[in-house]
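My notes follow the model shown here.

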Amino acid sequence: MSDTSEKLKLAILISGRGSNMITIHKACQDPYFPAEIALVLSHRPDAKGLTYAQEHNIPTEVVDHKEYSSRKDFENEMNSRIEPYKPDLIILAGFLRILNAPFIEKWPNRILNIHPSLLPKYKGLNTHARAIDDGQKEAGCTVHYVVPELDSGPIIVQKSVPILEDDTPNTLAQRVLEQEHIAYPEAIKLVANKLLST
Ligand code: GRF
């Protein structure tokens, strides 16, 4: 691919510090990376990652979930803020709201998520504490397509790390996060190249 080739547009959804979003943004600086960020959206007006996006001239939107009486209204509003940017992919990067089927079905095979476990193990919350408590020897992260069933869509990339004797959920989370920052750009590249070649 040449550096003038078409790039896929990403809408990245975050809830907090946005370290995965930042890593993806850095990957997008490579002229050969097949995607660019069109939008960063958060449901939290105070999400730290929004500041990074604004400082780097990335368009941002905030849809504060507390202002909506139903999930349906919240998700409809998110969708109407996302659509004008015409993204090819929606990237959930530390996005802590569960998305419901009507939203997901508007973007079939177009939503990716990163989950801090080696799926299908440890769906849901507190993945690192559960893996340590179970005496697992290895943990990791998974980038997968989002389907209505939680943490269950087809897997795109997985990275594993050892669980050490003295690991706490925090030390393990840090080791896994380093792999998340490798896995997400890799997965986006795979999906984008596939979409651009079809
Ligand atoms: C990551 O550990 C991710 O797997 C989980 O939330 C964390 C997000 O971190 N879903 P960040 O906001 O990308 O820094």
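Before starting, I wrote down what I would count as a polar contact: a pair of N or O atoms within 3.5 Å. I also noted that this is a predicted model.

Entry on the ligand. I looked up which residues surround the ligand, and found Arg17, Gly18, Ser19, Asn20, Gly94, Ile114, Pro116 and Glu180. With arginine 17, a side-chain N or O atom lies 2.5 Å from an oxygen atom of the ligand. Glutamate 180 uses its side chain, where an N or O atom is 2.9 Å from an oxygen atom of the ligand. Next I checked the surface: the ligand taken alone exposes 370 Å², and the protein buries 83% of that. I also asked where the ligand sits, and it is in the largest pocket.

Entry on the rings. I searched the whole structure for aromatic pairs and got 1. The partners are tyrosine 68 and phenylalanine 74, with ring centres 6.2 Å apart and planes at 50 degrees, so I logged the pair as tilted. Are these two residues buried or exposed? Tyrosine 68 has 23% relative accessibility, so it counts as partly exposed. Phenylalanine 74 has a relative accessible area of 4%, so I put it down as buried.

Terms used: Residues are numbered from 1 along each chain as its sequence is written. This is a predicted model: local features need pLDDT of at least 70, side-chain atom pairs count only at pLDDT 80 or more; totals for chains, interfaces and linings use all residues. Side-chain values use heavy atoms; hydrogens and water are left out. Rings of Phe, Tyr and Trp (its six-membered ring) pair if their centres lie within 6.5 Å; planes under 30 degrees apart count as stacked, over 60 as edge-to-face and the rest as tilted. Buried means under 20% relative accessible area, exposed over 50%, partly exposed in between (1.4 Å probe, protein chains only). A residue is near a molecule or strand if one of its heavy atoms lies within 4 Å of it. A polar contact is a pair of N or O atoms within 3.5 Å; within protein, one must be able to donate a hydrogen and the other to accept it, and residues adjacent in sequence count only if both atoms are side-chain atoms. Accessible areas come from the Shrake-Rupley method with a 1.4 Å probe; for residues, only the protein chains shown count as cover. On a 1 Å grid over the protein atoms alone, a cavity is a set of points where a 1.4 Å probe fits but cannot get out, and a pocket is an open set with protein on both sides within 12 Å along at least five of seven lines; lining residues have an atom within 4 Å of a point. A molecule sits in a cavity or pocket if more than half of its atoms lie within 2 Å of its grid points.
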